[in-house]
Every structure is written in C-alpha cells, then in structure tokens.
Amino acid sequence: MNLELGFMSAKGFIAFLGLFHTAVASLAIGLAFMVTFAELVGYRYRIRRHDLFAKRTQLFHVCIYNIGTINAIGLVFALSGLFPQFWEQFFVHFHWVMIVEEFIFFLLATTITFHYFFWDYVWGHKKLHLFLGALLTPLFFFQFYFINAVGSFMLTPGNFQEGTLSLSVGVLGWDRLGFFNPSFMMLQLHRVFANISYGGFFIAGWCGIRLYFHSADPVKKAYYEDNGRLSFYVAFMSFLALPIVGFFYSAVLMRNADEAFWNLMMGRGDVVKAGIDLWWLKHLFVAAMVGGGLGYFSRKAAALASGERFSVPNALIYAVAVFYFIYYLCMGLIMTWAFFLWSLAFAVGGYLLSRHMVNYGKGSSRAPFLMMGLLSFGTVMLGGWSREAARPRFDENRHSAYDKLYIPAERQPYLMVDLQPPELTDSPAGAPVAVVAPPNAASLIAGRCVGCHDLQRVRNYRGDDWPKVVNTMVVYGTKLDEEEKRLVVEHLSAGLSF
Amino acid sequence: MSDGTDSGTATADPRKILGEYPEQSREIIPPADEAGEIWTDDIDTYPLREKSEDPRWAVSTVWVWVGFTLGCMAFVTWLLVMGLFHD
Amino acid sequence: MDLPVIPTPVFDRWVWMEEFTFSHIPIAAVITAWMFLAPILELIGYRKRDLRYDRLSKSLVYFSMILFSPGAALGTGIPFLIIGLYPEFWARWANMFFWPLIFQFILFTMEVLFLFNFYYLTWDKTMHRKRTHIACGFIAALMGELIQLIWDGIGSYMLTPGGVPLPAVNEPVGFSLAGYLNPSFLSLFLHRSFGNLSFTLLLAGGVFAFRHMRHRVPTEKAYYGFAADVTFTLGFLFFFAQPVIGWFYARVIQGEAPVAFIAMMGGHAWYYFIPKLLLILVFVFIAGTYVFVRHRDKPWLLGAISIGLASFYVIFLNHPPLRVFGSPLAWRIAYTAGILGFIAYLWFVRWRGPALRVPGWQIFLLVAGLASTAVFFFGGNMRERVRSPQTVYGWLEKPEATDYERNRFLTYEKCIGCHIRSPRDLVLPAGETWNQRVAAEARRPEVSLSDEEVVRIASYLEEVDK
C-alpha cells in the first residue's frame, strides 16, 4: 500500500516539484556564469553599468537560490513519502555522492552570499572579487556533476556488478560503475550548456520586459539594452552547442537505454500528454530559437560597424545558418523528413519574426529577448519532462523496476528492503519496547559481511573450516554475538544460499 | 556598569542620532548600496578605489573563504579520482 | 529494513549527525528569532518616531538574510545524512509525517518570498508606508514560527511518542495528529521559542556592546550602545520563561520517557545538564547586574525581575533535594540563601550603580552572550543523547546500537525510579557480584526481570564499575 495524495497522482506531484526545482536551480547555474561574465566585462572595459547589472543579477540569484533549495528539499520529502522503497534504496546506494554534493551546495550558498554582500566592501580588490565570483562556475559544475551522475544512472545504469574490493575495505554508499554510467557525461555537458543558455536568455528576457517600461529613459534603456544583449550573446553561443551534444546524448541512449530512446523517438508513454508530443515540441522550440537568434543578430549586425559589443558579424551568422541547415538535413535523413521540414519551418519563422520584432520596436531588442526567454524556459521544462517520461516507470507498488535496467536484488542484494517492522511489546515500565525478530542467517550474512567485502568472496570460498573463518572475521571487527555466529557457521557449512 | 557615557542618553535628544524620522515626506530615502537601483549621472564611470580603502576584515574573510573553497574543490576532485579507481 | 549500516570516516555516525545538525540549528534559531523581533522593533520605532529602532530592526533582518542561504544549505544536509545513515527511521518517520513535511516546505517558500522580496528589499522604498511594510515583516515572522512549530511537533515525537506507533514503510499514514500533538510538543516549542529569543538577543547584545566599545565615531558609538541595551535587556527578559517551561517539559519527559528523564537527571547525560545550569548562573549574574545598573530608573522593571527570580524558588521547592551539601536541609538553606542573596545583591548594585565603574563591561556582556549560546548547544545535545540508543523512544533502535547502550537502557528502565533516584546511587554491597545483587533484586515479587535481563543489567553495571 502506498500514500495517495488525493488531488493528483504521485508521479504528477513529483513531476511538478521536479520541474519547479529545475526551473529555479538551472537558472541559478546560468545566473552564476552570467554574473561573472558581466562583472568581468565591466572590469575589463571599465563600464559601470555591466558591474551594476552583475550585482543586481547576483541579488536576484541570492533570492532565488533559497527558493531552489527549499524546493529541492520538498522534492526529497515528497519522494520519501510517496516512493519510500525506491528512495531509500537509491539514496543508500549513492549516499556519499549525495553527501559530497550537499557539501558543495553549502560552499555555493556561502560563496554566493559573500560575493553579493561583500561587493562594495572589496571594491578595491576587484580581481579578488572577480575570482570569488568565478569560483561559482566550477563549483556549480561540480555539484551538477554529482547530481547528473545520480540522475543519469536512473536512465542508463550500465553494466552493473557487486561492489568490488577497494583498499581492502568495501565502501558502502558508493557505486563506481553506477556513478560513471554511460550517459552521465552527456547529461552533464548537455545540462551545463543548457543552463548557461537558459540563464542568459532568462536575463535577456527580463531585460526585454524592463525595456517595455523604460523605453523613454535613455539611461535605463541603454542599461537594459546593453546588458540584455550581453546575456543574449552568451546564451546563444552556449545554446548553439546543444543540438550537437543532444545528438550524441541520444546515441548513448540508443545503445544503453533503448526503451527510453524509442519512447522519445516514437512518442510513447508519458512523453505524449494531451495529444502533444512534448519531445517534438521541444525540438520545434529549439529550431525556432536557432532561427530567432540568427535573425536577431543579423538585424543587429550593422551595429558592429558602430563599435557595439556582443554583435555577431554577418559572415558568422551565415556560417552558423549553413551549418545547422546541414545538421538538420542529416537529422532528416536519419530520422524523418517531417522532422527536417518542421524544424526548417520553425527556424525560418523564428528568423523572420525576430527581425520583424526589432524593426517594429524601432531597433529595440525587447521583443526578441522576451521571445527567446520564453522559448528557452519552455525547452528546459520540456526537455526535463521528456527525459523522465521516457524512462520505463515503476511498477504498481512503486517499487523500482526499470524493466531490466535496475533491480536492486540483482545489483546490490543488501539494498533490498524488508517491509515488515519488528514486533513490538509493552514493557512493564509503560513504554513499549521494540523486540527485534530472531536473526535470520541469510540476512545476517548479507548484512554484516558486506561491511568489509562483497558476497561473491564468500560464495567463492571452497574451504570447509567455516568456524575458523567466521571467528577470524569477528576478530577483524565483524559484529556477531555468539548466537549469530553459530547461525552463520551452520548456514555456511550447510552450503545454503544467501 | 558604566564607562561614564550612558549609551543613548547624550546631551542631545538620543533619537536624533540617526536624523529625523521621515514622517511626512514621501521622498524616497536614497537606498543603501546593498539593495535597489542606483541611477546616477555617472553610471558609465567605473569608480576605481585603492586597496587600502577596503576594510581589512572583509578582504581577509574573502581570502580565507577562497582558500577554503579551493581546498575543498581539490579534495572533492581527489575523491572523484579515487572513486574512479576504487569501489 | 535490511538496508546496510553505512560506516562513516574518521568519526562515528552520531558525531557526523550531530555536527551536521549543529551547523544548521544555530543559524535557524537566529533567523527565526530575529525575524520575529524585527517587525516588533520596527513598529516600536514607528510609534516612537525613533530611527534607531528602524536601523536596529533592519540590521537584524540584513544579517538574517546573509545567514539564510548557508543555513538553508546546511539544513538540507540533515535529511540527506539521515536518509542514508538511518534509512529505516527516515522512511517510517517521513511516512508518518508526510504532510507536515510538505506543508513546511510551502511555508519556507513563503518565508523566503516575504523576507527577501517584500520585507528587506522594499525597506527604503516603503519608509512612508510603514504599516504595510511592518505587516509584511509579521507575515515573514509568522511563516518562520509556523515552520518551527511543525519541526518541533514532528521532532518531539521522537522523544515522547505518547503511545502512537511508528508505522511500517508500507503502512500509508501521511499524517498522525496524535503523533504530532504528542505530550512534549508544546513544551518543546515554547522552550525553543523563548530560548531562541533569549540566547540570540543576549549574543547580539554582547556583540553590539563590543562594537560600542571599539567604535570611535560618537554617533555610531551611541547607536551601538542603544542597540546593545535593547537587545541584551530583551534577551534577559525572555530568559525568565525558560525555567518555568523547562520544569514542565522535564515533568512531561519524566512521565512519557522515564528512561530519558533518568539519563538527564543523574544518568549518562547529566554532565550536559550540570554545565548548562552553571552557564545559566553565569549569564543570569552578568545580565542581572547589567540590567539593575542600566535601568535603575525603572523600578517597575526591576521589581518584575525580582519577582521572576523569586518565582524560581517554587521550582527549587518542588525539586527533590540534591545531596551536594550533604543533607536535604542544607540544600534547601543553600538555594533559599542563594536566591534571596542574589536578589539582595541586585538591589545593592542598583543603589550603588552610579558609583560603579567597571572598565570593559562590554566584554562581560559578550561573555554572557556566549554563555547563553553554549547553554543552547548543551540543551539540544542533551535532548538527543538522553534517548540513546533509541531513535524513536520505545519504537525504534538505532542500527549501530551496542549491547552496552541497550543494557544501560534496560537498567534505567527496570532499576531506576522505584527506590533509587540515579544510576550513581546503585552501590554494590561488599562481597557480592553484580550478578548476585541483581538476581536477588529479581526475586522481589514486585520486580519483573527475566534471566536474560538480569545478565544484561549485571553486565552493564560491571562495565560501569570498571
């Protein structure tokens, strides 16, 4: 039996919390990079408005960071209650990964706090302040690294085997092959570029909104226009890497998570909601963003002649356009022509719309900024949803059963959950005292022996001097009382399974 | 316990230490640097400052924290490398 | 659950658990208390038209904001550690209190929104719309208090479950009202609320006093003196609720978790309790002296403090006499003389106040603040240790429990309380072994001990004697 929410399904609730957290956390990662970049540009060219922009962005970052944190813990609590068996096994499996990730998270929170609140205090040490802010990017990379390894494991557990001996002591709570699973690097690359892109487009979108309200004030208009374009530029450069990384990511999925791969490609399962294939919709958004970005830069290319920064020369725009045309053409050959034609239509539409928006705004970038910000948000949400929805799901008891991909009993037998609580009796003192059920030899072996070595070693042992062996293990530190020792020796001597 | 100067009871009205309470005026008090917007005429001027003008405690704190963070990153990297080879 | 017991590097599991928790709890205590106080001070400043209160209030909120991100990040580490190190406990307890945990995360989001966006960032812009601003502050404070209310409810269940069973993993409970409104929930909430206000303000007062000492600019010096006075005095006044609440809290523990009560009062955790009381004496002495000198022109306040101190007499009267001075009568004379003597001393310093010159008095305030912070640490530590080796009293044992801890629990449960007050009162008669002694006790008709329990209790007592 499982907890039910009543107002929505358990997986729907988790999806909502997960997407909410992703929206904020991914933005935080992008913002950290943008802040450093903007402050660096401001320092390099001695432009105050970029520095001011960086500071205000960091303030916004400080505010949303806490919302992301709280949301993450809400997600953890929700998983604990709604999917207890899965969550406990998974968390114990990757315990040390999560603890180190949490420590990096603390480093990040404190660094962000220092970076913002000490901004004016260390103005004379600007390079030091820049370095402090620059630390955020590798820290976020690290933290993300750990989360993505764990998240990608859920999709591509890879070849698994029991933990092997390391430094003569097995490390519980760490799974080398699970961590360095087939898709972890692709997911890491894909999300790092995506978050920088999302963060930049989000800021640009915000600048676009502010431009609607401050079009009459030349100072504020220049402020939002320049900083928006800076963010847009960085975001678009980062964004251009995504379709390439995404292709290789898909290739990994095809080899290591074929069911998930075909769910995505064919639009099966939860990938389709309300008749809309969300995976394809995301790709159409991406195509629109390619066109939209190129259209914006081509319309603004003339500004390069007047010395404005963060513009892209026409030659580069055409080169990128040709490259992506060929890329999508190849995708059409591999996948379907419908994919190519629809993507082309959206890309061209995005290009034309973007140029029109700048013309209509009399050179103002507000509309393209806003459009790209919204599209970027959409791709992040749709991409995250699709990845989760494509994965083979839990069984009706919410037990983790990833359809041949991961079954705890096969992977690490000591991760199996005994769902029966111990017997309880009242004590004369009034408070009930837990009485643990009599020990079972197989569970003793599975539980106590794996503190130092794996079970295969026990199975491989061909001798028959089990009393001596078990006594030696107790001397080495295994916790077994006399009764438990007797049970274990009898069990092993009889050659029974465990 | 007194050092001869009672806190807050100087000869002048102690409430005037920080100026008048902005009762009737709707003028927005210039915000402190840590929040809000700063729209100045010289928004494009980058105000450089001497290092000696920064409070020492702030600079020391940042240096200590940077050192600590770099050390932690090195440690985590070492953990990852060790984890790559060991299980 | 058959999930493995993950060993931890360098230190034992409980040490890491303690360190993670103690990294977060002081920050949370400071933020919750100061968020509660900030709008009140702001309102006072608004009514008195005194900007000093406004500045003080804003500085408390500003510091809370600085602490918030690291504090929240450390707070997420606590469940991370528990989920991995104590999986069975977490799965069953999070099942039981699923809805409070979800609800508190919603409250947290509201708190952040109000604190950052509606309260702090709009401070200067809304100087002429103070009432709205103060209302936002109160909402943020309310969110903080509600979050503490939730955590205290679900946390207190671990010590006094009140007969409500800890459900199995596959029993979908979601929320147990009886478990939440367990016997010690209200005591813990009140004790921590007043305690947080008291120690954080005493500490703030000490820090402000230190800045008052160091500053050279007259207006700043005067401001910090004002800030030290307000916060330190308030912190001292908030303290007065603590012994009374603490007394009732201890009574509840005595009834609902007797083994934990014994652990605290003479058992293995008493050496947290005694230093805590001594530190309380230190900061009460310093704070009382300060308040009676500084506020000598407010006899109504001093009179109220005197009555508060005198009321502690009732607590001492109801407490079983300690044998520190040899006999119960000596004990009663000692505390009577102590309380009356202290009250007399305070009125004496009030009379002598203007002539008193204590250089560096600000340092004493800082010492008092640090002492009260140490009391806070001791208190939390003790509450967690007295339950050992049970994670949830009477329902779940920690996976790394040793035989020594189990036997100690059994000894407290079976032996202490009937005719002996403290484990240290157990004395082995000459010529006997503990086995013989305990076996003899087991033959009493009113005592129910199995043979195995006799062996375990004797084994523990032998360990203690070594």
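**Exercise 1. Classify A:Glu388 by its accessibility and find its salt-bridge partner in this predicted model.**

Step 1. The relative accessible area of A:Glu388 is 28%. Buried requires under 20% and exposed requires over 50%, so A:Glu388 counts as partly exposed.

Step 2. A:Glu388 forms a salt bridge with A:Arg387, and their closest N and O atoms are 3.1 Å apart. The cut-off is 4 Å.

Step 3. A:Arg387 has a relative accessible area of 15%, so this residue is buried.

Solution: A:Glu388 is partly exposed, and its salt-bridge partner is A:Arg387.

**Exercise 2. Determine whether C:Lys276 is buried or exposed, and which side chain of opposite charge is nearest to it.**

Step 1. C:Lys276 is buried and has no salt bridge. The nearest side chain of opposite charge is that of C:Glu384, 12 Å away. A salt bridge needs a nitrogen and a carboxyl oxygen within 4 Å.

Step 2. List what C:Lys276 does touch. Apart from neighbours within four places in sequence, its contacts are C:His191, C:Val375, C:Phe378 and C:Gly379.

Step 3. Turn to C:Glu384. This residue forms a salt bridge with C:Arg383, at 3.3 Å between the closest N and O atoms. C:Glu384 is partly exposed, with a relative accessible area of 34%, whereas C:Arg383 is buried at 17%.

Solution: C:Lys276 is buried without a salt bridge, and C:Glu384 is the nearest side chain of opposite charge.

**Exercise 3. Describe the salt bridge between C:Arg406 and C:Asp403 and where the two residues lie.**

Step 1. Side chains of opposite charge can pair when their charged atoms come close.

Step 2. The N to O distance between C:Arg406 and C:Asp403 is 2.9 Å.

Step 3. Both residues lie in helix H15 (residues 403-414) of chain C. They are 3 residues apart, about one turn of the helix.

Step 4. C:Arg406 is partly exposed, with 26% relative accessibility.

Solution: C:Arg406 and C:Asp403 form a salt bridge within helix H15. Elsewhere in chain C, a network of salt bridges links C:Glu432, C:Arg437, C:Glu441 and C:Arg444. Over all chains the count is 32 salt bridges.

**Exercise 4. Compare the placement of C:Thr21 and C:Ser187.**

Step 1. C:Thr21 sits in helix H1 (residues 13-48), and C:Ser187 in helix H7 (residues 185-214).

Step 2. C:Thr21 is partly exposed at 26% relative accessibility; C:Ser187 is buried at 12%.

Step 3. Beyond four places in sequence, C:Thr21 contacts C:Pro26 and C:Ile78.

Solution: C:Thr21 is partly exposed and C:Ser187 is buried.

**Exercise 5. Decide how compact chain C is for its 466 residues.**

Step 1. Chain C holds 17 helices and 2 strands.

Step 2. Its radius of gyration is 25 Å, close to the 23 Å from the globule rule, so chain C is as compact as a globular protein of that length.

Step 3. Of its 466 residues, 58% count as buried.

Solution: chain C is as compact as a globular protein of its length.

**Exercise 6. State what confidence the model assigns to chain B.**

Step 1. The average pLDDT of chain B is 71, and 49% of its residues score at least 70.

Step 2. Residues 1-11 stay under 50, and residues 24-36 also stay under 50.

Solution: chain B averages 71, with stretches under 50 including residues 1-11.

Note on methods: Residues are numbered from 1 along each chain as its sequence is written. Chains are lettered from A and ligands numbered from 1 in the order in which they are written. This is a predicted model: local features need pLDDT of at least 70, side-chain atom pairs count only at pLDDT 80 or more; totals for chains, interfaces and linings use all residues. Side-chain values use heavy atoms; hydrogens and water are left out. Buried means under 20% relative accessible area, exposed over 50%, partly exposed in between (1.4 Å probe, protein chains only). Lys and Arg count as positive and Asp and Glu as negative; His and the chain ends are not counted. Contact means heavy atoms within 4.5 Å. pLDDT is the predictor's confidence in each residue, from 0 to 100. Helices (H or I, at least four residues) and strands (E, at least two) are DSSP runs, numbered from the N terminus. The radius of gyration is taken over C-alpha atoms; the globule rule is 2.2 Å times the number of residues to the power 0.38.
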